[in-house]
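Please look over the model below before reading my points.

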Amino acid sequence: MTMPTRSMLRRPLGADILARAAVGGLFALLSINLLTDFIQTQRMTGLLLLVSESLVVVLTILRRRASIVDRSPGAAVVTAASLVGPVLLRTAQGPGLLPDVATVVISAVGLIVVIAGKITLGRSFGIVPANRGVVIAGPYGIVRHPIYAGYVLTHVGFACAYPTAWNVALVVLTDAALMIRALYEERVLAGDRVYQTYCRRVAWHVVPGVF
């Protein structure tokens, strides 16, 4: 079993509290934009993204403290990019690339996957790459990071509903950060024997047959 390095240590209590507050602040910014759009347009796509992100706040508050946290600069950058990106998405006037019902269906499927993954994780949910206990049940029997798979779908649905250059660029950058973040998380868990066995059974990181 690999030993934790200096960049993989238990997070101090003060930093843990600060991280939870930051997540709440980011969610508040996202809520204002998406709720305003829903009131004005009654379009459901953005509202579905908001429902998904609300679970992040709840589980971040309730999560257990990690035994090992990756505090390396690389992990911090990709985590920040994957968190900030969705907050910067903006609704827009004009038609989408697909009918609203299609983007709602795409976002709804992604939302279901995200919720299933988060509920399965429970108090093992976290933001930065860390070991809060290995979870292998439910959607984790299909891919190692089902929450990220669901996010990709919801982001694609949002970009199709509001296809501005800004939103498309943000979705590409955010989802790329999610893929790299998944690899950082696996690096933290690589020394756990339960996780080693799990990885031999579940080969795909996020998208079956692709990555």
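**Notes on the model**

1. The largest nonpolar core has 20 residues, and Ile147 and Tyr148 make the most contacts inside it. A nonpolar core here is a set of buried Ala, Val, Leu, Ile, Met, Phe, Trp, Tyr and Cys residues joined through side-chain atoms within 4.5 Å. Buried means under 20% relative accessible area, exposed over 50%, and partly exposed in between (1.4 Å probe, protein chains only). At least two residues of this core come from each of helix H4 (100–121), helix H5 (146–161), H6 and helix H7 (193–201). Helices (H or I, at least four residues) and strands (E, at least two) are DSSP runs, numbered from the N terminus.

2. This is a predicted model: local features need pLDDT of at least 70 and side-chain atom pairs pLDDT 80 or more, while totals for chains, interfaces and linings use all residues. Residues are numbered from 1 along each chain as its sequence is written, and side-chain values use heavy atoms, without hydrogens and water.

3. Which residues does Ile147 touch, beyond its neighbours within four places in sequence? They are Val114, Gly117, Lys118, Leu121, Phe125 and Tyr140. Contact means heavy atoms within 4.5 Å. A second, separate core has 11 residues, including Leu30, Leu89, Ala159 and Tyr162.

4. Helix H3 (residues 73–88) and helix H6 (residues 165–189) cross at roughly 145 degrees, and their axes come within 8 Å. Axes are lines fitted to C-alpha atoms, for helices over the stretch in contact; angles run from 0 to 180 degrees between N-to-C directions. On the H3 side, the contact includes Gly74, Val78 and Leu88; on the H6 side, Trp166, Leu170 and Tyr184 are among the residues. The contact residues divide into 12 nonpolar, 5 polar and 1 charged. Ala, Val, Leu, Ile, Met, Phe, Trp, Tyr, Cys and Pro count as nonpolar, Asp, Glu, Lys and Arg as charged, and the others, Gly among them, as polar.

5. Thr103 lies in helix H4. Thr103 counts as buried because its relative accessibility is 1%. A polar atom of its side chain lies 2.9 Å from the backbone oxygen of Asp100. Leaving aside neighbours within four places in sequence, Thr103 is in contact with Thr45, Leu98, Gly157, Cys160 and Ala161.

6. His145 sits in the loop between strand S3 (130–131) and H5. Buried or exposed? His145 is buried, at 6% relative accessible area. Its side chain makes a polar contact with the side chain of Glu185 (3.4 Å). A polar contact is a pair of N or O atoms within 3.5 Å; within protein, one must be able to donate a hydrogen and the other to accept it, and residues adjacent in sequence count only if both atoms are side-chain atoms.
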